[in-house]
Amino acid sequence: MVAPFNEPIYVTRPLLPDIQIVNSKINDIWESKWLTNNGTQHKKLELELMKYLNVKNISLFNNGTMALLLGLKSLDLKGEVITTPFTFPATVQALDWNGLTPVFCDIDPQTLNIDTCKIEALITEDTSAILGVHVFGNPCDVYEIQKIADKYNLKVIYDGAHTFGTKIDGQPIGSFGDITMFSFHATKLFNTIEGGALVVKDEKLNEKVSLLKNFGLSGPEEVVLSGLNAKMNEVQAGIGVEVLKIVDEERAKRKKIKETYERNLADIPGIRVITNLENEYSSYQYFVIEIDEGIYGRSRDWVHDELKKYNVFTRRYFYPLCSEFEWYKHLESAQPNNLPQAQKSVKQVLSMPYYGELELKSVEKICAILMEIHLGNSGDTPQQKIGSAVL
Ligand code: T4K
């Protein structure tokens, strides 16, 4: 019988550089007396990221949401944008703040990304773009999306919040579509505490994006666009420079954790790993499973609650669907019968603890718990198991 963990196990923990290094970095920033507005650390991080992500244009932001919001703004979109209901609220909120109407497209059952077979039927004369989300690090079908976009003259934007460093067929993920957003939030593989970036294909558009994040200022006394303040500050950028140095080590650890999960979950009936694309350049951002209640014997919600008793805190990302938000419910595309797969997946998907510091023996223990609690296998309640750990 498996005992609960002594300390809580969270869905993730931030990747932190050594505190001495951070202190020394902050010391440098203090001495420079340059705290924001395109300082030394900002310039350095931009250059380093261009190399790491293998892209020509990048623009740093104070968070991923502002990056997406202003990326959409830079494209002067109008009317409707086809997107997924299965995403973090920020994706569709960025549309809202641009006065754009989301048109929800159902998702693919394997990747949980927008189902490209269903996009064309949703295109109207008001459609101006497709906003895809590379959910949990699984890349969208970028080739098919581009084909559709070219046919109907639509812009393509990707929310790549989960795909730092991902490649598709050897190509950096940021090279697909017109614009890709990355999130550098504390919970992401690469973090600047809060932060984000846009990779913009077109150089002119990139210049526009840079103006938009700095009040539309083209000089000290010239305002050329209606912008906002969405700049990354020097402390964020400086920490980013240091986190970038340890990100590959983190990926390697996560790769082992993923393999350990996969090995130990293989014999548990009714559990499928969603984030299992065979790609050495995947982001290793999330480890996500799907629970088939009919086979496993317990629902995803039951498992999510039961694991808490073992001190394991999983997350039901992305529940509820964005199409269920009060202000979208009336939309035709938000009607549940138009989104059967999203309706199904949102009840089955569970994000498991996943971060480099998570010990492999803890992963084995989490899998042992999942084996133990599936219906037909469970005897005692976890409370009765306290103190009887075998792992
Ligand atoms: N698009 C997509 C597809 C996204 O997933 C996101 C963000 C965005 C856009 C927007 O990007 P940003 O504007 O955030 O850059 C978290 C994050 O806040 C959010 O960035 C992320 N997606 C989302 C999936 O997850 P919460 O509310 O679930 O986070 P929270 O605070 O519950 O943290 C989760 C766990 O992480 C905690 O249980 C413990 C651990 N944690 C968290 C923080 C903040 C730590 O150990 N230390 C920490 O500092 O949203």
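Between domain 1 and domain 2 the count of salt bridges is zero (a side-chain nitrogen of Lys or Arg within 4 Å of a carboxyl oxygen of Asp or Glu). Polar contacts do occur: 15 residue pairs across the interface meet the rule, both residues at pLDDT 80 or more. The rule asks for N or O atoms within 3.5 Å, one able to donate a hydrogen and the other to accept it; residues adjacent in sequence count only if both atoms are side-chain atoms.

## Model and domains

This is a predicted model, where local features need pLDDT of at least 70, side-chain atom pairs count only at pLDDT 80 or more, and totals for chains, interfaces and linings use all residues. Residues are numbered from 1 along each chain as its sequence is written, and side-chain values use heavy atoms, with hydrogens and water left out.

Domain 1 spans 19–244 and domain 2 spans 250–390, with bounds from an automatic or database domain assignment. Their C-alpha centres are 27 Å apart.

## The interface

In domain 1, 33 residues contact 36 residues of domain 2 (heavy atoms within 4.5 Å). About 3000 Å² is buried between the domains, 63% of it from carbon and sulfur atoms. Buried area is the accessible area (1.4 Å probe) that two parts lose on being put together, summed over both. On the domain 1 side, Phe104, Phe136 and Leu189 lose the most area to domain 2; together they give 25% of what that side buries.
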